[in-house]
Amino acid sequence: MNNFPAIPPLNAAALLKRHGLRADKSLGQNFLQDPSTLEKIALTAEVKEDDCVLEVGPGLGSLTRYLALSARKVIAVELDLELLGPLKAILAPYPNVRIVHGDILKLAISDLIDQPGYLVAANIPYNITSAIIRHLLESQPRPRRVVLTIQKEVAERICAQPGDLSLLALSVQVYGRPGIAAKIPASLFHPIPKVDSAILRIDIYNEPLIPKDLLGTFFNLSKQGFHKNVKH
């Protein structure tokens, strides 16, 4: 059932052209435009009216608008300075959205959010997927749920079962339970990427499966084990 009012779809190509901009390949910019998929991401996050949501890379605000309709507050962190103008204009009708210019990997989560159990919902650059996930899971406060649009093959690897685990999958599954909510064809993005995508949902455990004081040792040993297997 549709929980959202009709939101006019954004035409990323037209908006970029109007502002004299192009998608920046170096930043991994591919703008998701399909309303039903954007709604699916927001519904997968299960945003409640008292929730604070962190969005990484809002781009032109397509997903942000859906999040803002449900959340108490949305903090949207955008790295691309050139997108801030159109982003602010598009999100002007949503007073509960705070736009932050910066690199999420260089920002302390605690400086952005002081509410434990916040949510993350984002279409993230695929080239820094692992770094973003690690930053979110290892920072304080930790979210209670993370919903990300990422490369389909990477999402499938993260959700692998014991015996087929990669280092990334192990790193995620120590902190939470991952699952794929939906798959997204490349044709729904602008510009069209070379790979299909998936909506990855990670429900975060109250505490990691490994005791906090042993996490560093655990991951060091895990890295050594994976590197040894690769060499052989």
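Tutor: A nonpolar core is a set of buried Ala, Val, Leu, Ile, Met, Phe, Trp, Tyr and Cys residues joined through side-chain atoms within 4.5 Å. Buried means under 20% relative accessible area, exposed means over 50%, and partly exposed is in between (1.4 Å probe, protein chains only). The model here is predicted: local features need pLDDT of at least 70, side-chain atom pairs count only at pLDDT 80 or more, and totals for chains, interfaces and linings use all residues. Residues are numbered from 1 along each chain as its sequence is written, and side-chain values use heavy atoms, with hydrogens and water left out.

Student: Okay, which residues have the most contacts inside the largest nonpolar core?

Tutor: That would be Leu54, Ile104, Tyr118, Leu136, Leu148, Ile150 and Ile158, in a core of 35 residues. Take Ile104: skip its neighbours within four places in sequence, and it is in contact (heavy atoms within 4.5 Å) with Leu54, Val56, Val77, Ile109, Leu112, Ile132 and His135. Another core lies apart from the largest one, and its 34 residues include Leu38, Val47, Leu63 and Val74.

Student: What makes Thr64 count as buried?

Tutor: Its relative accessible area is 0%, so Thr64 is buried. Thr64 sits in helix α3; helices (H or I, at least four residues) and strands (E, at least two) are DSSP runs, numbered from the N terminus. Leaving out neighbours within four places in sequence, the contacts of Thr64 are Glu55, Pro58, Val74, Leu91 and Val97.

Student: How do you know that α3 is mostly covered?

Tutor: Seven of the nine residues of α3 are buried. Those are Ser62, Leu63, Thr64, Arg65, Tyr66, Leu67 and Ala68.

Student: Why is the link between Arg201 and Glu46 called a salt bridge?

Tutor: Side chains of opposite charge can pair when their charged atoms come close. The rule asks for a side-chain nitrogen of Lys or Arg within 4 Å of a carboxyl oxygen of Asp or Glu. For Arg201 and Glu46, the closest N and O atoms are 2.9 Å apart, so the pair qualifies. Arg201 belongs to strand β9 (residues 197–204) and Glu46 to the loop between α2 (35–45) and β2, so the bridge ties together parts 155 residues apart in sequence. By this rule the count comes to eleven salt bridges.

Student: What joins Arg201 and Asp203 to a network?

Tutor: Salt bridges that share partners: they connect Glu46, Arg145, Arg177, Arg201 and Asp203. One of these bridges pairs Arg201 with Asp203 at 3.0 Å, N to O. Asp203 is buried, at 14% relative accessibility.

Student: Where is Arg145, and why is it called buried?

Tutor: Arg145 is in strand β6 (residues 145–151). Its relative accessibility is 10%, so it counts as buried. Arg145 and Arg177 are 32 residues apart in sequence, with C-alpha atoms 9.5 Å apart in space. Among the contacts of Arg145, leaving aside neighbours within four places in sequence, are Glu46, Arg201 and Asp203.

Student: What makes something a pocket?

Tutor: On a 1 Å grid over the protein atoms alone, a cavity is a set of points where a 1.4 Å probe fits but cannot get out, whereas a pocket is an open set with protein on both sides within 12 Å along at least five of seven lines. Lining residues have an atom within 4 Å of a point. Points are joined across faces, edges and corners, and the volume is the space filled by probe spheres set on them. The largest pocket here holds about 520 Å³. It has 35 lining residues, and the closest to its centre are Leu27, Gly57, Asn123, Ile124 and Pro125. Elements giving two or more residues to that lining are β1 (31–32), β2 (52–56), α3 (62–70) and β3 (73–78).

Student: How do the lining residues of the largest pocket divide?

Tutor: Into 19 nonpolar, twelve polar and four charged. Here Ala, Val, Leu, Ile, Met, Phe, Trp, Tyr, Cys and Pro count as nonpolar, Asp, Glu, Lys and Arg as charged, and the others, Gly among them, as polar.

Student: Which element gives the most to the lining of the second largest pocket?

Tutor: α6, with five residues. That pocket holds about 240 Å³, and its lining divides into seven nonpolar, two polar and three charged residues.
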